[in-house]
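Let's take a friendly walk through a protein model and look at its aromatic rings. Keep the picture in view as you read.

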Amino acid sequence: MTVTAADLLRETTTRLERLAADADAGALDTAVAYMVEALDAGGVLQAFGTGHSQAFAMEIAGRAGGLIPTNSFSLTDLVLHGNRQTSELTATLEREPSLVDELMQTVPVGEHDVFLIASNSGVNGSIVGTALWAKERGHRVIAVTSLEHTARVQPKHPSGKRLSEIADVVIDNLAPYGDTTLDINDDVRVGAVSSMTGAFIAQSLTLGVARTIAARGEVPPVYISANIPGGDEHNSALEALYRGRIRRGT
């Protein structure tokens, strides 16, 4: 079978159109409301993902057109802000539930923060452990995961739970089992889509929050590009309001 970029475009576009239609029908409204509520209370949006799901956190926090009161954290914080060595950042680290307390000691979490956690499988130990950590401390959790994939794999956390079973809001990224969408032959599949649908979900949530705040006659706390005149000054002034609560540049 010959597959082309046009086939990947079709697979991606079909999913993005479904996500957009669901968002327009109100599927993201509860998540947006929780995020706005957190910001109104002085909270920060904490974004977390491992592996390629880190791309979702990067779309939420610290980019042009994004909300300023956002913070992304990752397993690399165990080295950057903790006591781990770089050599310990292996591909299997994300499966370890025991590191969550250590990781969260490196994250500046406030009382009113909301957690946005992305994981295609939704079963790795660090992902499930972080969601449980947040819930146990009274934080709302918004999950972005593949419902098709997570239903077909076994949880790797001692609790036996999946991310989708912990979160207050679950957003399906519409990725298929295994993430890939195209057959090269009977043994090879390509065309992963979770990063693309995850980025769209992140931007849709950002849009929803900014639109809600603007509808109240307020100015949403949004970054403008640092590469246009006045960008650095605008961004720095708003970042200063959250000094010690958000990290940038790591």
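This is a predicted model, and a search through the whole of it turns up 3 aromatic pairs.

Start with phenylalanine 48 and phenylalanine 73. Their ring centres are 4.7 Å apart and their planes meet at 5°. Planes under 30 degrees apart count as stacked, so this pair is stacked.

Next, turn to phenylalanine 115 and tryptophan 133. Here the ring centres lie 6.2 Å apart and the planes are at 55°, so the pair is tilted. Phenylalanine 115 sits in strand β3 (residues 114-118) and tryptophan 133 in helix α6 (residues 125-136), so the pair ties together parts that are 18 residues apart in sequence. Phenylalanine 115 is buried, with 0% relative accessible area. Tryptophan 133 has a value of 12%; because buried means under 20%, tryptophan 133 is buried as well.

How do these residues come together? Phe48, Phe73, Phe115 and Trp133 form one aromatic cluster.

Finally, look at another ring, that of tyrosine 177. Which residue lies over its face? That residue is arginine 152, at 3.8 Å from the ring centre.

Note on methods. Residues numbered from 1 in each chain as written. Predicted model: local features only at pLDDT ≥ 70, side-chain atom pairs only at ≥ 80, totals over all residues. Heavy atoms only, no water. Phe/Tyr/Trp six-rings, centres within 6.5 Å; stacked < 30°, edge-to-face > 60°. Helix = DSSP H or I, 4+ residues; strand = E, 2+ residues; numbered from the N terminus. Buried < 20%, exposed > 50% of the residue type's maximum accessible area, 1.4 Å probe, protein only. Lys NZ or Arg CZ within 6 Å of the ring centre and 35° of its normal.
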